[in-house]
Amino acid sequence: MAACRSEPPKESLAWVRVDLAREPAIVEMGSPAVAKISYLGSAEVRDMSQVPADQLVHFPKRTAGQVEALEMQAGTRIHWAVEVGQDAYVAFTPLGSEGDCLCTYRVGVREAPGKLRELYRVESAPVGAIAPAEVEVDLSGYAGRRVEILFQLDGPPPATALWGSPALYGREAARRHKAGSRPNVILIGMDTLRADELGAWGRTPSLTPHLDRLAGQSDVWPEAYTTFNATNPSFASMMTGLYGKSHGVYDLKTPLPRSHVTLAEHLAGAGYDTFAVISASHLGDHNSGLGQGFGKVVRATEHHAAELAVDTTLDWIASQNDDQAKTRPFFVWLHLFDPHTPHTPPNPYAIGYRPASPFGLSPVDAWVPFREPGARGFVEQVLGGQRDLYDGEVAYLDHQVGRLLDYLESRSLLEDTLLVLVADHGESLGEHGVLFRHVGLHDTIVHVPLMVRWPGRERQGRRLDGLVQTLDVFPTILQAAGIAPPQTDGKDLKGDAARRAVFAEHSDRFGAMVRTRDHKYIWNQGLPKLFPDGPYLYDLKADPGETRNLAGQGLPVEKGLADLLRRWQQDRQNHPEARPREQTDEEKAKLKALGYG
């Protein structure tokens, strides 16, 4: 990390992150540390004594999110020689040991030979379902100096312990991004996030200070609806601007046919560098076909914790921004999986705290409760679900997105970057008799957050009236990039995108729905254990919770909406049929572990 010896004004300094898991370290005693992908918690998070034996066949494993880690053997000390920037700190999570390591984590600084100072120590604990809080060790007193950062693990060899997401942060005078003729584009796709979980959509107390701040700078559509209740089909719609009836992807094993020209392919063809981080293995390009057009795709072997996905994105953007030869704009698709089961946010999110304000990449020095503080256990052991822990996942996700936003802002990248934030679908949290599964087409599933921050240093947010859909991001992004979009089902959100009605389909062709502002009509078929086959009609003004089915009472609105849905289903664009791929036994097991199948 280059030193900022002249100490320019803080507002002119850019955040720099050094990934210590990837930086070569000097071994002073013991064995070299080993970089690996581990978990932000346990590789099995459930109390297995409460999981029925017959359910293990369908849900064989539930893991916490994956993170980068250094595995150190007890009795080891390593160091990195660094130039310390302004506001610098070292961060890591003491993930603990999977064995009986009675170990101690120690962090120190060596200013000169023989002049070593310990800055932090904490005892190791066994790896648990909920990871301990991240440690942030202040180095601001060493700004502008060259020192050695030391990691040491005390204890009896050969025991080992894990240092999660170890990194050095600081501010320094870095190359500022030069605006081009076309904006950079970042599409943040959040998995399983309900609209009513965000403060900007009315959640009180808010879980999401960073996203609320972003909403204040963005065009926000309070009435945005997804096209599907499942991840792969939903993102296929965003990447093509097509409803499922036209792109043909209805499940988690059917790749998008290569005949479709995706958003990434359009942008790559116009000179964009393209990059995707996909945080769930089943959404990986090998399975979804959504890698089309991306120069590089990073995907999880199981599922990433948001910090790993964001760190990967920060590193890629830094490589683009710091390369003097790079003049091309970039497109990043950042997929974040965290609110999905199992609900394993790290502490202190798990016990009911979130950052007091949008701290971004700065160390969090104040936390506030968003509920009555205290530990929570799963109420649904098979899936690994708990309502308060879902909230904790959202609060954790918000902070990770905030880290990305702070990085972009510090490098002036927000001045010429189009930032789109959207969810693929919501989640049932007990409504309609469904717990922790996104099944059905009620608003708990199809109502999602959608906001667009247009390029510019300072933006004034707007809340825009009208029904819109997630597939509208396709023409919106292309138009903003100066690319004429093809004819699709989407509408440019910068224009008159409001619709009289929105539509969605159920995965596996189990039904479809049409929604106006006043009524919703659903036709269910294939979910008899949850929702008997047939029509459902809801008066959304009188019954916003969709608890009273008015179908079959002869109301004129039912016939009108049923006819509208029927005509919509018949009006489709012709494309080659999407065909399922044969999945391996391992892939099938991973899907079952996430509650699918």
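Is Arg213 buried, exposed or partly exposed, and at what relative accessibility? Arg213 counts as partly exposed, at 39% relative accessibility; buried means under 20% relative accessible area, exposed over 50%, and partly exposed in between (1.4 Å probe, protein chains only).

This is a predicted model, in which local features need pLDDT of at least 70 and side-chain atom pairs count only at pLDDT 80 or more, while totals for chains, interfaces and linings use all residues. Residues are numbered from 1 along each chain as its sequence is written, and side-chain values use heavy atoms, with hydrogens and water left out.

**View 1. Salt bridge between Glu409 and Arg213.** The two side chains meet at 3.4 Å, N to O; a salt bridge is a side-chain nitrogen of Lys or Arg within 4 Å of a carboxyl oxygen of Asp or Glu. Glu409 lies in helix α8 (residues 387–410) and Arg213 in helix α2 (residues 209–215), so the pair ties together parts 196 residues apart in sequence. Helices (H or I, at least four residues) and strands (E, at least two) are DSSP runs, numbered from the N terminus. Glu409 is partly exposed, with a relative accessible area of 38%.

**View 2. Arg517 with Glu223 and Asp465.** Arg517 forms a salt bridge with Glu223, with the closest N and O atoms 2.5 Å apart. Arg517 is in the loop between β25 (511–515) and β26 (519–524), and Glu223 is in the loop between β13 (219–220) and β14 (224–225), 294 residues apart. A salt bridge also joins Arg517 to Asp465, again with 2.5 Å between the closest N and O atoms. Asp465 sits in the loop between β22 (462–463) and β23 (468–469), so this pair ties together parts 52 residues apart in sequence. Arg517 is partly exposed at 37%, Glu223 is buried at 17% and Asp465 is exposed at 57%.

**View 3. Lining of the largest cavity.** A cavity is a set of points on a 1 Å grid over the protein atoms alone where a 1.4 Å probe fits but cannot get out, and lining residues have an atom within 4 Å of a point. The volume is about 80 Å³, taken as the space filled by probe spheres set on the points, which are joined across faces, edges and corners. Among the lining residues are Leu40, His303, Phe337, Asp338, Glu393 and Tyr396.

**View 4. Lining of the second largest cavity.** This cavity has a volume of about 60 Å³. Its lining includes Ser38, Tyr39, Leu95, Glu98, Val127 and Leu162.

How values were computed:
On a 1 Å grid over the protein atoms alone, a cavity is a set of points where a 1.4 Å probe fits but cannot get out, and a pocket is an open set with protein on both sides within 12 Å along at least five of seven lines; lining residues have an atom within 4 Å of a point.
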